[in-house]
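Good morning, colleagues. Please have the sequence and the coordinates open before you.

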Amino acid sequence: MLSDVTTPQDLDDRFRETLAALPAAQRRRDPADPVTDDAPLTGARLLELFDAQVTSRQLDLAGRWLRSFGEGFYTIGSAGHEGNAAVAAALRPTDPALLHYRSGAFYCVRAAQVADATTPTDTADAERAADREAAADPEPAAEPEPAGSERPTGGFAAYAEAARDVLRGMVASSEEPIAGGRHKVFGRADLAIVPTTSTIASHLPRAVGMGLAVERLRRLDTVGRRAGAGVRVGSGAGAAHAPWPPDAIVVCSFGDASVNHASATAAFNTAGWYDHAGLRIPVLFVCEDNGLGISVRSPEGWVEATLRAKPGIHYFSADGADPVRAYEVAQEAAAWVRRHRRPAVLHLRTVRLMGHAGADAESAYRSPAELAEDLQRDPVAATSRLLVDAGVATADELLARYDETGWQVRRLAEEVLGEPKLASAADVVSALAPRRPVRVARAVADAAARASGPGSAAREEAFGGKPPELAGPLTLAQSINAALADGLLDHPQMAVFGEDVAAKGGVYGVTKGLRDRFGAARVFDTLLDETSVLGLGLGAGLAGMLPVPEIQYLAYLHNAEDQLRGEAATMQFFSQGAFRNPMVVRVAGLAYQEGFGGHFHNDNSVAVLRDVPGLVIAVPARPDDAAPMLRTCLASAAVDGSVCVFLEPIALYHTRDLYAEGDGEWLAGYPEPGSWVAGHVPVGRARVYRVGSADDLTIITFGNGVRMSLRAAAVLAEEGVGTRVVDLRWLAPLPVADIIRESSATGRVLVVDETRRSGGVGEGVIAALVDAGYVGAARRVAGVDSFVPLGPAARHVLVSPEAITDGARTLLAR
Ligand SMILES: Cc1ncc(C[n+]2csc(CCOP(=O)(O)OP(=O)(O)O)c2C)c(N)n1
C-alpha cells in the first residue's frame with residue numbers, strides 16, 4: 001500500500017499501477033487518425049504530447065534526486081500541470097511566452113516545435129482553417145495536410161535538448177542557455193520564451209505591455225507597407241521593428257493564487273481598460289489552477305468567478321487532465337486572441353502533485369483523501385489512458401517510453417553535474433548591466449550628426465521653425481521638454497507615456513506640446529496605475545521600442561517599485577542579455593516645493609533605487625545638464641539596454657534665478673546639435689563648480705543641494721573661503737573618481753544630502769571616501785529621518801542653506 005503523500009516514489013509507483021490496470025484497447029486506431037472520433041489531435045500528436053509530459057515528469061523526479069545529494073538547487077516542479085503541453089501545442093512557437101514556474105511540459109513542446117519549425121504542423125493548419133472559417137474568408141481553404149501524418153514520433157529525442165536546459169538550471173550550470181546559472185527559469189530567446197522571476201504575477205504587467213507593443217508595431221508595419229517606403233517614423237537611430245511576427249500573440253501563465261496579486265489585478269485591469277477604450281492587446285492569460293497557493297486554498301469557485309468578471313477579457317476554460325479538450329479550447333482561445341487582437345484568459349484546471357516544492361510536507365495541510373483525489377487526476381496518467389483506449393500504444397509501450405525517458409533524463413542530469421558553475425563575482429555580474437561608454441558617446445555623436453544633417457529639416461519642422469537653441473535661456477522643465485522632442489525625433493521607436501503626459505503635457509508642463517508634435521501613438525496618456533505604466537515600458541522595451549514612461553511623483557514610484565527592481569533591472573541578468581528592456585523612467589521628485597503638497601509631493605527618499613544593481617540614476621539639477629544627461633540616458637538605453645531613472649527635481653523645474661531675484665542664473669541656453677559632442681555627459685561623471693580659490697572646502701551634493709550649495713559658497717567666498725561644489729549628477733553609478741579627486745584637493749568635505757540621513761545618498765559618498773582611504777575631514781548635512789510635513793514645517797526636516805554654511809564653518813574650524 002502506497003502512502004498518501006505524493007513523494008516522487010509514490011507518484012512513480014502510482015503511475016505504474018495506473019498503467020498496469022488499463023484495459024487493452026478494443027481496436028487499434030491509425031496514429032494518423034484523430035485519437036477519438038471528434039478529436040482535433042491525431043494519435044501520433046497526442047503521443048508526442050505524452051512524451052513531453054513524461055519528460056517534464058521525469059525532470060521533476062530528477063530535480064528531487066539531484067537535491068537528495070546536494071547537487072540540485074531547485075525542486076519546484078510541474079507535476080500535475082503537464083496539461084500545459086496542450087497549450088504550447090495550440091500556440092505558434094513564435095508567440096512570445098512568459099511562463100509559470102510549472103511549465104516543464106510547455107517548454108518541452110515549444111523546444112520541439114522550434115526544432116521542427118520547418119515542418120508544418122497540424123496545429124497551424126487547423127488554426128489557419130479555424131481563422132478562415134471565422135473570418136468567412138472567401139479564399140478557398142487549402143487542402144489540409146493529413147493531420148499529424150508528417151510528424152515523426154521522436155520520443156524523448158525531440159525533448160532531450162529542452163530537458164538538458166532544465167537540468168542545467170537545476171544544477172546552476174553556467175552553460176544553462178538563458179540565465180547561465182544565475183537562476184532556474186524557463187527561457188530561451190530562440191523559443192521566444194522570456195524568463196520570468198520568482199515573484200508571482202510580476203510578469204503580467206510586462207505581458208500586457210508586450211501585447212500593446214506587438215500590436216502597435218504591427219500597425220506601424222502595416223501602415224509602412226501600405227504607404228510604401230516613403231513613410232518614416234523618425235529620422236535616425238534604426239527603424240522600429242518587433243522581434244516577433246506581426247500576428248504574434250503574447251501568452252503568459254501563472255497560478256490560481258496569483259490571480260489575487262496586485263500585479264495580476266493591475267494587468268487584467270489594464271488589458272481590460274485598453275480593450276474598453278478600443279485599443280488592441282493580443283494577450284492570452286493562462287491561469288493554471290491547482291486550487292492552492294502553497295498551503296492556502298483558493299475558495300471554491302473564486303478563480304472562475306474572478307476571471308469571468310474581468311471586464312474586456314474573454315473567458316475560456318478547460319480541464320488540464322483532458323489533453324484533447326485542453327488542446328481544443330487552447331486552440332480556440334489562441335485563435336480568438338490572434339484574430340481579434342484582444343485579451344482572453346484560459347482557465348486551465350490542474351492538480352499539484354508532490355507538494356509545492358521539495359521541502360513542502362503537504363500532509364500537514366492536506367488530507368490523505370484530497371491527495372488521493374489529485375492523484376486520480378494525474379494528467380500524464382490521463383493522456384496514457386486516452387492513448388491506450390485508442391489503441392495508439394499499449395500500456396507496456398507507454399511504460400517503456402516512460403522508463404526510457406527516465407533513464408535518459410538521469411543520464412543528462414549526470415552529464416550536466418560536471419559542468420562549470422559561475423566561478424567569480426565578475427562572472428556573476430558580467431550579464432547584469434553592460435556599460436559601453438564609448439559606444440554611447442558615439443551614439444550621441446551620431447544623433448548630433450543626424451540632427452544637424454539629414455534630420456535638420458524634420459527637426460526644424462517639429463520645433464515649428466524655432467529650434468530650442470534659438471529660444472533663449474531655458475528652465476530645467478523647458479530643457480527637458482526640448483531634449484525629449486529631440487529624442488523623439490532621433491529615436492523612431494521612442495514613446496513617451498504616463499499619467500497626464502499627453503493632453504495636459506504633464507502636471508508641471510514638462511511634456512507640453514509633445515503629443516501634438518509627435519502624435520498620440522508616440523506620446524500618450526496611460527491609466528492611473530504606476531505598476532502598469534512601468535509594465536507597459538517593460539513590454540515595449542522587450543518588443544524593440546525605446547520607452548520613456550513618466551512616474552508623476554517619486555512617492556508613487558514606491559507602490560510600483562518591484563516592476564523596476566524585480567523586473568526591469570533583472571532582465572539582462574537572468575537572460576545574459578538575450579532579452580533587454582531598455583527604458584528611461586522619468587520621475588518627478590525630491591522636496592522644496594514651497595507651499596505645496598506635504599510628503600507625497602516632496603518625497604526625498606531614493607534609497608529604494610540606489611541599491612538596485614545595474615540601475616542608472618540621473619539627477620539633473622540645471623537645464624544645461626538636463627538635456628545632455630537625457631541624451632546620454634536614451635543612448636545608453638538604446639546601446640546597452642540600460643534601465644535609467646531620470647529623477648527630476650520638481651522644485652527646480654521652473655527656477656530661474658540663483659543668487660538674487662531676477663539674475664536668471666539658473667537658466668541656460670539649449671545647445672545646438674553641433675555642440676552635443678563637446679557637451680556630452682557620460683554616465684557617472686560629476687560636474688565641478690569652482691568658487692573663489694576653490695582650495696579650502698569641497699561640497700559634494702546633487703539636485704536641490706547644488707543650488708543651495710552654490711549660494712552657500714558665495715556667502716563663504718565673502719568670508720575668504722574658496723569652495724569647489726561637486727554636483728554628482730549621477731546617484732548610480734556614483735562618480736567615485738570625481739568624488740575622491742575633488743575631496744583630496746581640499747582635504748575638507750561637506751556632503752550636502754537632501755535625502756535622508758539614514759539610507760540617503762550621503763552614506764554612499766562617505767563610504768566611497770572611506771573605501772578609497774581618504775584621510776581628510778568630512779561632515780554630513782542631510783534631511784531628517786522623517787516624512788516631509790505640510791507647509792513651513794517642512795523646513796525643520798529639510799537641508800537649508802544656513803545648515804550648509806554652518807556645516808562648512810564647523811568643518812573649517814577643525
Ligand atoms: C509576490 C510573491 N509573494 C510570495 C511568494 C512566495 N510564493 C511562491 S509560490 C507561492 C504560491 C503561488 O501559488 P499559485 O499562484 O497558485 O501557483 P502554484 O504554485 O500553486 O502553481 C507563493 C506564495 C512569491 N513567490 N511572490
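Let me begin with a definition: a residue is buried when its relative accessible area is under 20%, exposed when it is over 50%, and partly exposed in between, with a 1.4 Å probe and protein chains only. What we have here is a predicted model, in which local features need pLDDT of at least 70 and side-chain atom pairs count only at pLDDT 80 or more, while totals for chains, interfaces and linings use all residues. Residues are numbered from 1 along each chain as its sequence is written, and side-chain values use heavy atoms, with hydrogens and water left out.

I turn to the cysteines. Cysteine 633 counts as buried because its relative accessibility is 0%. Cysteine 108 is likewise buried, since its relative accessibility is 0%. How many disulfides does the structure hold? The number is 0, where a disulfide is defined as a pair of cysteine sulfur atoms within 2.5 Å. For cysteine 633, the nearest cysteine sulfur belongs to cysteine 644 and lies 4.1 Å away.

Next, confidence. The pLDDT, which is the predictor's confidence in each residue on a scale from 0 to 100, has a mean of 92 for the protein, and 92% of the residues reach 70 or more. Over residues 128-153, however, the pLDDT is below 50, and this stretch has 33 contacts in the model beyond near neighbours in sequence; a contact means heavy atoms within 4.5 Å. Residues 224-240 also stay under 50, with 25 contacts beyond four places in sequence. Where pLDDT is low, the predicted coordinates should not be read in detail.

Now to the charged side chains. A salt bridge is counted when a side-chain nitrogen of Lys or Arg is within 4 Å of a carboxyl oxygen of Asp or Glu, and the whole structure contains 55 of them. Arginine 168 and glutamate 175 form one, with their closest N and O atoms 3.7 Å apart. Here arginine 168 is buried because its relative accessible area is 15%, whereas glutamate 175, at 40%, is partly exposed.

Arginine 218 and glutamate 215 form another, at 2.6 Å from N to O. Both residues belong to helix α7 (residues 204-227) and sit 3 residues apart, about one turn of the helix; helices are DSSP runs of H or I of at least four residues, strands are runs of E of at least two, and both are numbered from the N terminus. Glutamate 215 is buried at 2%, and arginine 218 is partly exposed at 23%.

Finally, strand β9. Why is strand β9 (residues 494-498) largely enclosed by the rest of the structure? The reason is that 5 of its 5 residues are buried. In a regular strand the side chains alternate between the two faces of the sheet. On one side of β9 are Met494, Val496 and Gly498, on the other Ala495 and Phe497, and all are buried. Strands pair if DSSP finds at least two bridges between them. β9 runs parallel to β11 (residues 546-551), joined by 5 bridges, with phenylalanine 497 partnering proline 549.
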